[in-house]
Amino acid sequence: MNAEHKDPVYGYAGHILRINLTDQSTELIPIQKYADKYIGGRSIAYRIFWEEIGPNVKAFDPENKLIYMTGPTTATAIPSSGRTLFVSLSPKTLPEMVSWSGLGGWFGSELKFAGYDGLIIEGKAKNPTYIFINDGEIQFLSAENLWGQYVHETQEMIEEIHGKDVKSFVIGPAGENLVRFASITTSNDNAAAKVGFGAVMGSKNLKAVACRGTGKITPYNIPKVLELRKTVNTPPMRTNPIQNMDAFEAGPNVNVKVPGGMKQCQVSCSYGCNQHCNRMLLDVKSGTSVKKKNRVEKCVGVFAMGFEENCGWMPNQTFQTEYNHDAPCKTLSGDMEPPDMSDPHAAELFAWRNADTVNFWKGNYDKGNVMMDLCNQYGLDKWEVTVGLFPWFAMGKKEGVFDGMDFGMEIDVESEEFVRHILKIIAYKESEYGKILAEGMARAVRTLGHEKFGKTIYHGRYSNIIKGKQLDIPILLETAWGDMFHWQGRGYQSAIDITGWVPSSLQLMLSSRDTQTVAHFHATWDYYMAVKDDPYHNRLVPQTVIECEDREIVKDSFTSCEWAAPNHYWETMECEMYEAATGNSMTLEQMTEMAVRARLLFRAILIRNSGRTREQEVNAIYPGLTYPDSVGLTTKWEDWNDLVDLYYEERGWDKKTGWPGRDIYEKYGLKDVADEMEACGKLPL
């Protein structure tokens with residue numbers, strides 16, 4: 001098939017490409033069918049999902065579709081705009097639900113250069129296949145020689161076949177073997193990992209999608225793009241030298257001496273980004289090769305190096321003031337300017353809060369690098385491995401729950417050989433326990449026996465804020481929808497206080513996956529002061545959660561980066577990005593209306609396809625909130641339900657069911673959605 005390459009609308013390439021693997025057919029869909037109401041990215045993907053994937057489809061069915069979308073700022077060089085989105089039915093969430101996953105790298109820009117704003121991948125190939133998009137020519141090619149290869153080797157083999165200028169996203173052995181937490185990977189180890197979309201690709205016999213684009217994307221206002229490059233993230237434009245150190249340091253929680261020293265530099269994750277917030281470790285030990293290699297790391301991966309304490313926290317990671325509101329990515333990159341100490345709240349904002357002592361495993365630089373490299377190469381979600389799997393082994397062994405069980409070798413989370421063994425049997429589904437663990441931790445413990453293997457209490461967690469205080473927690477750090485605790489005051493990043501973990505938990509309850517990797521809760525210091533004494537009965541909490549949810553949709557539609565947005569002191573930033581890219585003006589109110597429309601679509605899909613109700617949501621999130629946070633606080637059932645009432649009232653949804661009514665759908669131009677919801681009995685009475 002040959003695409004017609006006409007002058008694109010500013011900021012857009014012009015078409016979404018449908019790829020049917022079953023009959024090897026393709027179709028072009030004009031982007032303007034969706035762009036006016038949904039802009040791009042996640043919003044358009046939700047609309048396509050709503051129209052094309054019905055309630056009875058399962059994640060590994062050929063009828064499930066992998067929807068990949070860029071946004072109008074992608075490939076324009078507007079800062080932080082290179083990230084892209086997948087939407088599909090997730091095999092990892094519990095139960096299976098519509099979800100999304102972000103991807104950095106250069107593939108999205110290359111796809112737009114080839115003439116496409118997105119992909120709809122459907123059906124199932126008869127044999128292992130990969131797709132090659134060469135401008136307007138689409139080829140279905142045999143992946144027999146790629147099948148079974150590691151992630152990096154797959155990328156390299158594709159470049160050997162088609163040239164170094166080709167960009168690709170690929171899966172590893174875990175995706176091929178339908179491991180439910182398998183990832184999709186592109187350049188520099190950028191991965192869409194959180195909801196198992198690598199297994200969706202594997203279920204379709206799709207090893208990779210490669211692309212070469214020789215066209216261009218022209219932003220409407222190039223001087224404005226250049227201005228944004230100097231103001232978004234307020235980059236200091238410093239050089240990025242290689243640093244030589246004698247220890248791996250990730251703050252007070254992870255400080256691992258490295259024999260012979262270590263080297264690192266910082267890199268950006270996507271096309272056009274002016275910020276370096278990924279850490280590249282140089283010449284580290286590989287899990288799949290005798291040669292040293294370079295590996296990109298961020299966030300949870302550092303805890304593979306050592307996990308004796310949870311992740312600490314400073315309020316400035318969550319709360320902003322007029323004086324101190326640098327993008328969090330500047331903290332990660334080390335380029336953050338010194339705090340403005342004229343800020344009356346500076347001392348509180350930058351007060352480090354110690355995390356809990358958990359004693360999972362001691363520092364070991366080589367073992368940690370092997371663990372993360374194996375995740376990269378097999379194509380496994382690092383969060384599930386680092387926060388779920390290995391802490392479960394560490395805590396469970398100390399509490400004696402694995403006595404008499406044979407995992408193929410003695411359980412020892414301090415051992416590199418044990419790490420290699422467990423990740424291998426999962427990626428290839430070797431042995432009874434390899435197959436069970438490949439289902440993801442939430443499903444695995446239910447297969448083994450939830451009470452014993454999920455809820456047994458670990459007695460080795462202690463507060464570092466209240467010295468000597470024991471904080472009991474279950475051996476599996478599971479919260480809602482099969483995810484592990486994150487920014488919720490328990491488990492990983494336990495140090496965040498109640499003003500942050502209450503709204504973070506509300507965000508998760510209303511979603512289908514951990515939101516705090518891509519949609520962190522951000523608020524102003526005024527919010528903090530207003531709710532700190534009682535976050536359950538103050539309308540400012542649901543109002544701010546709604547603002548975060550809506551801005552999350554905005555940044556995933558335009559697209560921009562979670563670490564750059566939202567900026568509470570530059571509310572029109574994305575509006576200015578959009579106008580620079582497309583030439584179309586958009587007010588803050590219009591941008592919010594688009595986000596609410598997309599959020600309603602997401603809600604409607606959860607209700608229609610997965611039977612989402614208030615009862616389901618509350619019972620998914622609440623059990624985890626009965627375990628203590630880092631100072632021993634828990635949540636009462638009545639308080640949590642009062643907060644849920646406030647949220648539904650602010651959204652205008654029915655409090656009994658949690659469902660939007662016809663009036664809400666129609667207010668945002670979704671009469672067709674309301675009609676279908678009424679036909680299937682999913683409107684409140």
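These legends describe close-up views of a predicted model. Residues are numbered from 1 along each chain as its sequence is written, and side-chain values use heavy atoms, without hydrogens or water. Local features need pLDDT of at least 70 and side-chain atom pairs pLDDT 80 or more, while totals for chains, interfaces and linings use all residues.

**View A. The largest nonpolar core has 92 residues.** A nonpolar core is a set of buried Ala, Val, Leu, Ile, Met, Phe, Trp, Tyr and Cys residues joined through side-chain atoms within 4.5 Å. Buried means under 20% relative accessible area, with a 1.4 Å probe and protein chains only. Ile16, Phe319, Leu506, Met509, Trp640 and Tyr665 touch the most other members. Helix H20 (residues 588–610) gives the most to this core: twelve residues. Helices are DSSP runs of H or I with at least four residues, strands are E runs of at least two, and both are numbered from the N terminus.

**View B. Trp640 and its contacts.** Contact means heavy atoms within 4.5 Å. Neighbours within four places in sequence are left aside. Trp640 then contacts Val502, Ser505, Leu506, Met509, Tyr536, Val618, Ile621, Tyr622, Leu625 and Thr635. Elsewhere, a second, separate core of 68 residues includes Tyr365, Leu423, Phe453 and Tyr458.

**View C. The second largest pocket has a volume of about 410 Å³.** A pocket is an open set of points on a 1 Å grid over the protein atoms alone, with protein on both sides within 12 Å along at least five of seven lines. Lining residues have an atom within 4 Å of a point. Volume is the space filled by probe spheres set on the points, which are joined across faces, edges and corners. The lining has 19 residues, with His152, Gln155, Ser187, Asn188 and Asp189 nearest the centre. Helix H4 (151–162), strand E9 (167–170) and strand E16 (293–297) each give two or more residues to this lining.

**View D. The second largest cavity holds about 40 Å³ of space.** A cavity is a set of grid points where a 1.4 Å probe fits but cannot get out. The whole structure has six cavities of 30 Å³ or more.

View E. Cys375 is buried at 1% relative accessibility, and Cys548 is buried at 4%.

Conventions. Buried < 20%, exposed > 50% of the residue type's maximum accessible area, 1.4 Å probe, protein only.
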